[in-house]
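Here is a short walk through one model. Keep the sequence and the 3D view side by side as you read.

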Amino acid sequence: MAFSRFSPKILVSVVALVIGFAILFGIGLKGSMVYYLTVGEFLDRQGREDLGENFRVNGNVVSGTIERTPGVIGARFRMTDGTRELPVVFGKETPDTFVDGSEVVVEGRIGPDGQFAATTLLAKCPSKYESTAAGRDALKASMQRQAGKATPDSPAR
Amino acid sequence: MADFGTLCLLMALATAGWAMVASYNGWRIQSGELILSAERAVLATWGLVALAIVALEHLIFTDRFDLEYVASYSNRALPAMYKVAALWAGQSGSILFWVFILCTYSVIVVLLHRRRNRALMPVVVTTLSGVTVFFLLLLCFLARPFVGLSHAPPDGMGMNPQLQNPFMAIHPPCLYLGYVGLTVPFAFAIAALATGKTSDTWFRTTRRFTIVSWFVLGTGILLGGWWAYVELGWGGYWAWDPVENASFIPWLTTTAFLHSVMIEERKKMLRVWNMSLVIMSFLLSILGTFITRSGVISSVHSFTRSDIGPMFAGFLGLCVVVSVGLLLHRLPLLQSEHRLDSFVSRESTFLFNNLLLVGAAFAVLWGTLFPIISEAVRGVKITVGPPFFNEIFVPITFAIMTLSAICPIIAWRRATPHKLLEKIRIPFGAMVAATALMVAFGMRDLYALVSFALSAFVIATTVMEFYWGTRARRRATQERWLAAFWNLLDRNKRRYGGFVVHLGIVLIVIGVTGSSAFKKEASATLGRGEAFSVGRFELRLEEIVSRDTPNHEFLGARLAVLDGGHQVGTLLPGQNFYKAGQDPSSEVDIRSTLREDLYLIMTGFDPQQGRATLKAYINPLVNWIWIGGLVLILGSWFAMLPDLRERRRTAEARLRELQPHAI
């Protein structure tokens, strides 16, 4: 029996460690799960409270729908998966890659006005980047510049 | 030229395939000729892959845009340095580069070990060639670098400007060197299992490969963080992005291995565990390569739609079956020779350190793969964000730091509480003093307090360890302090190199803590002469600057940095507008000191009113991350230097294996 090679004290602490780990894991997971959906999937699931409030939605910016108010940071636009559309408001600086037709990933929740209020926005240029390291990095760049979270890598929170 | 490249790859596939088959059969029937032939085939494969790389680079340098790869990742104006780097800008090119590194490692292994390790080498060659064959299959049939276009565009699309940064040019090769290097210990582990020669030769032989891979992987991760920090303009360096995680997971498991292997060396314990760690690290490096190259996780689209996904999944599955099968088969040989009986012993701190590191690796892996797992189980992608990783990682880091403070002062086998208390007194006192000082200076952030206190604890133990060692040596040899100190280090390179690495890690932890717990930010839209403040700094817009270069136009804002009313410098953040029509990219400007970085981005400019929108961050202590990185590099180098004692031990181990009953 392999376990007999460890003293009971050690075995008990190993088990305690694993349990502690599992608890930590469960709490962490519960607090930060976000559904990642296409525009159509998101619209189909609207009103389902069991999925949580925050969502990540993927789609393309409908050309010509980007509206900006001078002096106000952010933009309003519509995003689509090719068939259906979702109106989005975003209140932070938009990334360089956010233009007509670019692929975007927004994270946020639906507001009382029926518009999707995004707290983060990632944008990928229409044709420029492939799903490669380059595209990923560009995407990440734009995401993080926009995310504007005080501490994206904070161990403290 | 493109056909020549394709031909090289096909021939390389043939030679690598031959190396695999010949080596395996040579081992089965003990035919020296077949084994020799296989080893030569390894050299030939290297030559052919090198030629394919030369062919691709030639096509890039001669602007052959009728080739899809060249048209996608290069253009005429691209500087020569980045034309070299274009080799690993895309999927097929980077796989080609991956294979080249693997072949290079294989050649080094063959040249170094074919005489020294005759028993293991045939299987090592079989394994290395098997992995090579897989990646060559990808290159020849799925991710083909030499595919032509029916209509050649007049110019290529060029490289993403954000990747045109010296760090970015060396960051991927570093990561690949690390990833691929993990194949070597894996191959030796498989060879040890297959031949049944599972005593310590395999890991002693590969220790240097493992440390080198671990070190290069770590350096690559740090370089990536640095690049993100200076280039991406969001004020941070790490975001728990799938690609970052993919390189971090094997680094964690390799770190665990480097520790637990010491237990196997000394005590012949944890042998199954060590085998598993090496196998796991290799599998994770393959998974990491796949995640990095396919972008499968960040995409909302299904995993199965990735063209190389099923191939990778199949290959990983095959590796799991083979290695787990071998491991189970040889389980009786891997029995521990000793019992881990004392809770308060260095062995047990190593055991817990390993559990924590592997637990951390598992958590990061789970969080990273969660979208794929949830899609498979529930049909919908669910992502987990940075909070998940932070929540798990912070307590684990604290626990690991506590262990690394206690571990060096705790005795092997069974520590007496009395001795331990005597040794721990000073470091513990240092920790308490540091905490009291921080509280006295008004620090109230709990996480930061714990983190800094533990850092003080580890630093104190490590410094004391150097001191105690020197003192003991001085007493024994009557040398002077400096001579005793140097000789101590020189004779125990691994031990003290390892301690230096610990110090580097602590500095990184200090930097990460400072820059996350005490980060400040502010943003404002300013006209000329207007100012805004962030932390203790005031930033005043002096003028708008525009510059024209052949490649791009730069538009920036010059700001005076005032600290308490006195000007301490100027910063010039701006944006580059590329003439090739690429998206503009932000150029951040940083005022960097040991105390903090003042990080400034120009996020927008209104030409009509001449007003610039700016975002400023104060990142305290962030420089210590990079300083810690340098210390880590220094320590690793020192630990890798040739060590007489170690060479003797390896020779002894090999001898034992040849004549099991002689010693």
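Helices (H or I, at least four residues) and strands (E, at least two) are DSSP runs, numbered from the N terminus. By that rule, chain A has 3 helices and 6 strands. Along the sequence of chain A they come in the pattern α-β-α-β-β-β-β-β-α.

Some notes on the source. This is a predicted model, where local features need pLDDT of at least 70, side-chain atom pairs count only at pLDDT 80 or more, and totals for chains, interfaces and linings use all residues. Residues are numbered from 1 along each chain as its sequence is written, while chains are lettered from A and ligands numbered from 1 in the order in which they are written.

Stay with chain A. Of its 157 residues, 42% are buried. Buried means 20 or more other C-beta atoms within 10 Å of the residue's own, with C-beta atoms placed from the backbone.

Now turn to chain B. Helix α18 of chain B covers residues 493-517. Of the 25 residues in α18(B), 22 are buried, so the helix is mostly covered.

Next comes a sheet. Strands pair if DSSP finds at least two bridges between them. In chain B, 4 strands form an open sheet in the order β2-β11-β10-β9, with antiparallel pairing. Its edge strands are β2 (520-526) and β9 (589-592) of chain B, each pairing on one side only.

Look inside that sheet. Strands β10 (residues 596-606) and β11 (residues 611-620) of chain B pair in the antiparallel sense over 10 bridges. B:Tyr599 stands opposite B:Tyr617 in β11(B).

Definitions and conventions
Expected span 1.5 Å × (residues − 1). Buried ≥ 20, exposed ≤ 12 C-beta atoms within 10 Å, placed from the backbone.
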